[in-house]
Amino acid sequence: MNNLHLLDLWQASAAIAEGRVTSVALTESALRRIEELNGTLNCFIRVDATEALETAHERDRELAAGHSRGPLHGIPLAHKDMFDRAGHVSTGGTKILRDRVADETSTVLERLDAAGAVDLGGLHMSEFAAGPTGHNVHYGACRNAYDQDRVSGGSSSGSGTAVGARLVYGALGSDTGGSIRLPAAANGLVGLKATYGRVSRHGAVARSWSLDHIGPLARTVRDAALIFQAIAGPDPRDPTTAHQPPFTLPEFRADQDLKGLRVGVPGDEALASVHPEVRAALEESLRVLERLGATIKRTRLPDLKPLYSAAETIIKSEAAAMHRQWLASRPQDYASNVRVRIEAGLAITAAQYIDALRLRTHFTRDFLHNTMDGIDVLHLPTIPFPVPRIEDTDVEAATGERVLEVVSGMTQFTRPISLLGLPSLNLPCGFSSDGLPMGFQLIGRPFAEARLFVVGHAYQTATDFHRQAPPVAERTSRATAE
């Protein structure tokens, strides 16, 4: 088979199961593309080529013996460099952890191993997951899959670029204020921030204990659902995980309609900050959902600033607690903007922190009772303006307020949803006049990931934005074909 990298995960899985391709062939194809393109994209921190090929050979032997581990059997993936694997370094995107060798494997990687996936290595990320753009003073800026002068989104920057550029078939990221959904939107991908507690965080470098979520980035809704099925579920090693029934894939029908679905949309005043190009794409996505049978309903979106502020208080407080020892002993090893943001948490009082946690419960109850009343999903922007340039968002080199405004503006619609802990799915919905992807997020009630997947899949059967590979993928595929 030619151009293996253009298969999506679901297609690659079927090809392996039917004997049309081997895991080794898929893995070798991915490694060739990584070798060719990572110098341009800067999305991998570490490539484990030898181990990946050994695993791929083992998966092929298992399949030849009649043993399949499931739909992820033999599929090459790679993950944000924050998930521990015994005997390896997971850097967390920082100089401070560059020499820390893990003595056990994170729960999510164990579960993907058990499901048969092949792990290609560690992906670029913002230092300690602190940043929405993909800048990193230690490892350089990660580049957008569609335009290498643009940001990749963060903090799961490498996950967005590696999947968007068709280097791997899917990736894990983490989301504290938008860090799965932002790179998904910036690179034309599906990204799921699941319900808080749906996925174990054991063995993952933390940003904020109370707000961290782990989830997949993939090319299609079905691909994301396959990864999510493998990693979701309670874990005795992470007491914050929810005791929910195992997640099972919903039925993904080609003729899926959305009759009876109620989609909530906030009033114009809540979307005043959204760029006209993004606004037009959002409105068109709503028309698609209507054509599929959904009913669009106006709903009251609360002022998001207090939610954003509460999330900021929690993140800074918990980060300061986690980093206190390093701040005292290794302050010079942080990027200055990362250190300053963490140090700010030292000035937050215990009363302020506890108030923010208390308000989180209040905000969530109010949101479910009012905003989500009478609707099944809420439709919001992900990034409210076209993907910005790397040079225009470099906080480390910033000399004016405009850079800080752009960076903080990226998370204005994502961070509040992280505070609420509700599931949120980014879907690609078009391209800006500069050819950069745009996305919207669907927010559901707690543990309603299956409904989000069904709605998202129906939307993707009616659109083709997710099928439009970036120039870097098309250029390579033609060269391969020749």
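In helix 1 (residues 9-17), the buried residues are Leu-9, Ala-12, Ser-13, Ala-15 and Ile-16; buried means under 20% relative accessible area, with a 1.4 Å probe and protein chains only. Because these residues cover an arc of only 160 degrees around the axis, they lie on the same side of helix 1, the arc being that of the directions from the helix axis to the C-beta atoms. An α-helix has 3.6 residues a turn, so residues three or four places apart point the same way. The cover over the buried residues of helix 1 includes helix 2 (23-41), helix 3 (49-64), strand 2 and helix 7 (221-231). Helices (H or I, at least four residues) and strands (E, at least two) are DSSP runs, numbered from the N terminus.

This is a predicted model, in which local features need pLDDT of at least 70 and side-chain atom pairs count only at pLDDT 80 or more, while totals for chains, interfaces and linings use all residues. Residues are numbered from 1 along each chain as its sequence is written, and side-chain values use heavy atoms, with hydrogens and water left out.

Both ends of helix 1 have details to look for. At its start, a side-chain oxygen of Asp-8 comes to within 3.1 Å of the backbone nitrogen of Trp-10. Gly-19 follows helix 1 and has a positive phi, near 75 degrees.

Turning to the sheet, 11 strands form an open arrangement with mixed pairing, in the order 1-3-2-4-6-5-10-11-9-7-8; two strands pair if DSSP finds at least two bridges between them. Strand 1 (44-47) and strand 8 (295-299) are the edge strands, each pairing on one side only. From one strand to the next, the twist averages 30 degrees.

The chain passes from strand 2 through helix 4 to strand 3 in a right-handed β-α-β crossover, meaning that, with the strands pointing away from the viewer, the path from the first strand over the helix to the second runs clockwise. Strand 3 is mostly covered, with six of its six residues buried.

How values were computed. Axes are lines fitted to C-alpha atoms, for helices over the stretch in contact, and angles run from 0 to 180 degrees between N-to-C directions. Buried means under 20% relative accessible area, exposed over 50%, partly exposed in between (1.4 Å probe, protein chains only). Contact means heavy atoms within 4.5 Å. A polar contact is a pair of N or O atoms within 3.5 Å; within protein, one must be able to donate a hydrogen and the other to accept it, and residues adjacent in sequence count only if both atoms are side-chain atoms.
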